[in-house]
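Open the structure in your viewer and keep the selection panel at hand. We will go from stop to stop.

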Amino acid sequence: MRQKVIAGNWKMYKTIPEALRLVNQLRKKLEAQPPRRTRVIVCPPFTALAPVHEALQGSNIGLGAQNIFWEEEGAYTGEISAAMVKSTGAKYVIIGHSERRRYFHEEEAIINKKIKIALKNKLKVIHCIGESLEEREQGLTMEVVSNQVEWDLKDLTPQDLKNIIIAYEPVWAIGTGKTATPEQAEEVHSFLRDILDALFDKGAGKGMTILYGGSVKPENAASLLSQPDIDGALVGGACLKADSFFKIIQASEKVG
Ligand code: PGA
């Protein structure tokens, strides 16, 4: 049985006081109705990681960062290392988000280095992939996602995969209000399992937790999460309010 995961990507939102307010509200809701099969993860901005970790002491909510640099340390002004993230108490890191690929020119070779350094520092990786609208319209979706999986995860072992969660996030669905239909998402998720089997070993695909991301909301969560190959969601906009994030967690519990 694969674990259900609902992860919130806060992006560049929330000051430290705002972040604490949000996690305290979320914690209260989750303590009143503890999820039985869903792992909940929050990924606030770097500045809020340590305070949020403190606020989450004794709870089951996982904590993750949204990025790391690919070297252990050095003269890289403004960057944050995997060890620094680890030292805040975070256990996860999002790598390869389409906004990083787009605005910071992160391509496969960079993402591959970041994933390797994260794993070396014992951070679990939420690895994002997905095609643009243009690529989908040209019928290139499967080619794009299989290339991303192949090159981003280059040189990794089947053992490494145990510390990776894949998030399929079609770029055209992120922050646009347009969601992939459950069938469109399911088709890609099921294909990704075949690709993982081919690249690693048989069973790699079946064992991988694969999340869907892109305008997931309380209203559409249940239909997406009830697909057999969708194991959870990476949520942007709707995770910024405790209420809507909690409703998505509840949807996961119901279909799980
Ligand atoms: P969204 O973002 O839910 O706001 O579309 C998802 C993501 O970027 O991870």
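Is K11 buried or exposed? Select K11 and look. K11 counts as buried, because its relative accessibility is 19% and buried means under 20% relative accessible area, exposed over 50% and partly exposed in between (1.4 Å probe, protein chains only).

Before moving on, note what you are viewing. This is a predicted model, where local features need pLDDT of at least 70, side-chain atom pairs count only at pLDDT 80 or more, and totals for chains, interfaces and linings use all residues. Residues are numbered from 1 along each chain as its sequence is written, and side-chain values use heavy atoms, with hydrogens and water left out.

**Stop 1: the K11 loop**

Stay on K11. Its place is in the loop between β1 (4–9) and α1 (16–32). Helices (H or I, at least four residues) and strands (E, at least two) are DSSP runs, numbered from the N terminus. Now check the backbone. K11 has a positive phi of about 55°, although it is not a glycine. Most residues other than glycine have a negative phi.

**Stop 2: the ligand**

Select the ligand next. Which residues come nearest to the ligand? They are K11, H97, E169, G175 and S215, out of 13 residues around the ligand. A residue is near a molecule if one of its heavy atoms lies within 4 Å of it. The shell divides into four nonpolar, seven polar and two charged residues. Here Ala, Val, Leu, Ile, Met, Phe, Trp, Tyr, Cys and Pro count as nonpolar, Asp, Glu, Lys and Arg as charged, and the others, Gly among them, as polar.

Zoom in on the backbone. A backbone N or O atom of G175 lies 2.7 Å from an oxygen atom of the ligand. For S215, a backbone N or O atom is also 2.7 Å from a ligand oxygen atom. For G237, the distance from a backbone N or O atom to an oxygen atom of the ligand is 2.8 Å. On its own, the ligand has 280 Å² of accessible area, and the protein covers 95% of that. Such areas come from the Shrake-Rupley method with a 1.4 Å probe.

**Stop 3: H105**

Select H105. You will find H105 in the loop between α4 (98–103) and α5 (108–120). H105 has a positive phi of about 55° and is not a glycine. Is H105 buried or exposed? H105 is exposed, because its relative accessible area is 60%.

**Stop 4**

Select Y76, in the loop between β3 (62–65) and α3 (82–87). Y76 counts as partly exposed, at 36% relative accessibility.

Move to K86, in helix α3. K86 is partly exposed too, at 34% relative accessibility. K86 and L119 are 33 residues apart in sequence and 11 Å apart in space, C-alpha to C-alpha.

**Stop 5: E183**

Finish at E183, in helix α9 (residues 182–199). E183 counts as exposed, at 53% relative accessibility. How far apart in space are E183 and I117? They are 35 Å apart, C-alpha to C-alpha, and 66 residues apart in sequence.

Note on methods. A polar contact is a pair of N or O atoms within 3.5 Å; within protein, one must be able to donate a hydrogen and the other to accept it, and residues adjacent in sequence count only if both atoms are side-chain atoms.
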